[in-house]
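Q: I'm new to this one. Can you walk me through it, piece by piece?

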Amino acid sequence: MEAVDKKKISHLHGMLSRARIITTISHVHPDGDAIGSSLAMLEFLRVMGKDAASVFPDPAPDSLSFLAGEMPRTDILSYSGEPRETVARLQASDLIICLDFNDFTRVEGLRDILLATQAPKVLIDHHKDPDLTAFDLAFSRVDVSSTCELLYHILLEMPEIQGDPSRLPQAAAHALMTGMTTDTNNFANSTYPSTFAMAAGLLRAGVNRDDILVHVLQDYPLRRLRVLGKLLDSGLHLTPEGVAWMVLDLETSASYGLTEGDTEGFVNVPLSVRDIRMSIFLKQESDTCLRVSIRSKRGFSALALARKCFHGGGHLLAAGGKLWIGQDVASLAEVPDFLERNIADFFSSKNGVIEAQVQVNE
Ligand SMILES: [Mn+2]
């Protein structure tokens, strides 16, 4: 990535210095990048002597709870777990830092509370097309692997860190490396020279990457593998356009005893097949809603499909959204039909333009 604008950095530092109560907020179903960037910012704010806390719409999945450590913490709140404390915290804050999302709908139930707060808001994020009017200061970059990477480069410019990663609090360095590792799928996608520079800096600063990889790649429950096996064996469908899709319904989730986070990464698996261009994973969350994850290979836009069919957004090759039962489809049984129809339409040519295909300059 290109260097971060020094003027904006000093603007941010001024805002951080002036504020007393600072809260970070990130998106619903927080992933490694959301939690990693939030905790890294939290640790840095503590170095600055601030009253700092991180809030999320819902708690971290078990698979990422290692990031926050063993101790129960009062400075990490979730709206679904501690609604009153979370709202009170946001209302009492005199600065709010929004991490890893570009649109207030991504904080779901906290959206209206966030909109009603008077506190200035700072955005640090790597998603396309943010609503810049919502923020007093925005660091929005797409030429970067992750929010953790962007935050790393911002923090290095802070007077407290002086460009030396070993001055970062250890927990912050660990959290940043973790979020970058999960968002790049362990250096498999969206990896730039600046990403490797970050990794090198953090390794030199003493971050134990082996330890992170054990947590991120080797610490899942067996049920995750079992349900993945079942899905791949009998639930993987392939359209003539080269799109793989899988639906995990509530009944199957319950019968395997799945918890939040157990299906992390399932959407990537079909892309290992030669002729598959795009993969869609739909996970039923309730009687009325399926959560949709989409990944595409280079040349095809997961983002365009997420926007067109699933009320969603994200990145060019990694996007997501929702499918509403009762609104988009009449029942769960109609999901396959909906997918086949919309995928065929998405890949069809209209006046020579195929929406699924990414323009060369993107
Ligand atoms: Mn991210």
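A: A term to begin with: two strands pair if DSSP finds at least two bridges between them. Helices (H or I, at least four residues) and strands (E, at least two) are DSSP runs, numbered from the N terminus. Residues are numbered from 1 along each chain as its sequence is written, and side-chain values use heavy atoms, with hydrogens and water left out. This is a predicted model: local features need pLDDT of at least 70, side-chain atom pairs count only at pLDDT 80 or more, and totals for chains, interfaces and linings use all residues.

Q: OK. Which residue stands opposite Leu282 in strand 10?
A: Val292 does.

Q: How many bridges join strand 9 to strand 10?
A: There are 7, and the two strands run antiparallel. Strand 9 covers residues 278-284. A hairpin of 4 residues links strand 9 to strand 10.

Q: And what about strand 10 and strand 12?
A: Again antiparallel, with 7 bridges. Strand 12 spans residues 318-324. Ala318 in strand 12 is the bridge partner of Arg295.

Q: Is strand 10 mostly covered or mostly open?
A: Mostly covered: 6 of its 8 residues are buried. Buried means under 20% relative accessible area, exposed over 50%, partly exposed in between (1.4 Å probe, protein chains only).

Q: Where is Ser296 found?
A: In strand 10, residues 289-296. Ser296 counts as buried, at 5% relative accessibility.

Q: What is Ser296 in contact with?
A: Contact means heavy atoms within 4.5 Å. Leaving aside neighbours within four places in sequence, the contacts of Ser296 include Leu271, Arg277, Met278 and Leu316. Ala302 is also one of them. A polar atom of the Ser296 side chain lies 3.1 Å from the backbone nitrogen of Ala302.

Q: Switching topic. How many salt bridges does a search of the whole structure find?
A: It finds 18. A salt bridge is a side-chain nitrogen of Lys or Arg within 4 Å of a carboxyl oxygen of Asp or Glu.

Q: Which residue forms a salt bridge with Lys308?
A: Glu355, with the closest N and O atoms 3.1 Å apart. Lys308 is in helix 11 (residues 302-309) and Glu355 is in the segment after strand 14 (353-354), so the pair ties together parts 47 residues apart in sequence. Lys308 is partly exposed at 34%. Glu355 is partly exposed at 34% too.

Q: What else does Glu355 meet in a salt bridge?
A: Lys350, at 3.9 Å, N to O. Lys350 is partly exposed, at 42%.

Q: How many bridges join strand 1 to strand 2?
A: There are 5, between residues 21-25 and residues 51-56. Ile22 stands opposite Ala52 in strand 2.

Definitions and conventions. A polar contact is a pair of N or O atoms within 3.5 Å; within protein, one must be able to donate a hydrogen and the other to accept it, and residues adjacent in sequence count only if both atoms are side-chain atoms.
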